[in-house]
Amino acid sequence: MKVAIASGKGGTGKTTLATGLAHLLAAKDHLTTYVDCDVEEPNGHIFLRPGIERSEDVSIPVPAIDQELCTNCGRCCEICRFNALACLPEKVMVFPSLCHGCGGCTLVCPEGAITEVPRVVGVVERGSAGELGFVQGRLAVGEAMATPVIRAVKKAIPTEGVVILDAPPGTSCPVVETIRGVDWVVMVTEPTPFGLNDLKLAVGAVRKLGLTTSIVINRSDVGNSGVEDYCREEGLDVILKIPHSRSVAEAYARGEMPVVTVPGYADMLETLAGAVLTRTREAEKR
Ligand code: SF4
Ligand code: SF4
């Protein structure tokens, strides 16, 4: 059972919820892994404080040109959609930071002048926080290619048990890569015009991928009724409403998990944890 915790915008409390839910399930002796796919700024580790047991580089293949073999035919530059190659009169220049590692240029080169060399764009780390399995991806500083790192993170997740994926915020390629193929998307939002605007975009993306989604409204007692009205109109299941709490904000500021240190917070997440387990049992029966 793979559950993605996503949000159309940052700052909605997505990681607080994802880490809390994963911790709660593991504390109930369910085999659970927390997976941080927010590779540009992974921060679930601050809450969970895992021990890292394995670390593997993630690389993409970028072209290296043998100028002796190159005849300057220009085919490699024609096929590259990312402007990662420039065919000059006397040589072909490669811009590795723009290369997506698709391999197209190598395939079309008639002279065999292109070889592929690995370029490290990030790292995947695995470990555990008590009984909870832990996987995170980290994009290398200055790199822009989050998607290959997320793909590598997803390859590293176990096939058994419940997997809670902490998705990047927004609706761009890294989010799509994270939620592709999951069993359920839990969307965290806030009852504000900004939350509603981004929720609409995120729900649109999830629906395009044919995925099931439920909504968590965080700080549900502030703002307006726009999000709830929208969910009602769209037939979206609001599975949990979490009222604003100064204690939760203070725990967050100290890097503590509210599910551990704030009385009553774990009880609130029980509904969500129960729904995850119900869906897991149903999936096992199929
Ligand atoms: S591997 Fe793909 S993206 Fe990279 S330079 Fe070649 S064609 Fe362009
Ligand atoms: S396709 Fe090969 S031969 Fe042609 S310009 Fe590119 S590297 Fe040179």
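Predicted model: local features only at pLDDT ≥ 70, side-chain atom pairs only at ≥ 80, totals over all residues.
Confidence comes first. The chain has an average pLDDT of 94. At least 70 is the score for 100% of the residues. Which elements mark the two ends of the range? Strand β2, residues 32–36, has the highest mean pLDDT among the elements of the chain, at 98. Helix α11, residues 265–285, has the lowest, at 90.

Next, the domains. The chain is divided into domain 1 and domain 2. Domain 1 comes in two pieces, 2–57 and 122–285. Domain 2 covers 67–112. Taken over C-alpha atoms, the centres of these domains are 40 Å apart.

Now look at ligand 2. There are 15 residues around ligand 2. Which come nearest? They are Cys-70, Cys-73, Arg-75, Cys-76 and Cys-109. By class, this shell has 10 nonpolar, three polar and two charged residues.

Last, a helix pair. Two packed helices are described by the angle and the distance between their axes. Take helix α7, residues 193–208, and helix α8, residues 226–234. Their axes come within 9 Å. They cross at roughly 25°. Angles under 35 degrees count as roughly parallel, so α7 and α8 are roughly parallel to each other. Who makes the contact? From α7, it is Pro-193, Gly-195, Leu-196, Leu-199, Lys-200 and Val-203. From α8, it is Gly-226, Val-227, Tyr-230 and Glu-234. By class, this contact of α7 with α8 has six nonpolar, two polar and two charged residues.

Conventions:
Residues numbered from 1 in each chain as written. Chains lettered and ligands numbered in written order. Near = placed C-beta within 6 Å. Nonpolar A, V, L, I, M, F, W, Y, C, P; charged D, E, K, R; others polar. Axes fitted to C-alpha atoms, helices over the stretch in contact; angles between N-to-C directions. Helix = DSSP H or I, 4+ residues; strand = E, 2+ residues; numbered from the N terminus. Parallel < 35°, antiparallel > 145°, perpendicular 65-115°, else oblique. Contact = placed C-beta atoms within 7 Å. pLDDT = per-residue confidence, 0-100. Domains from an automatic or database assignment.
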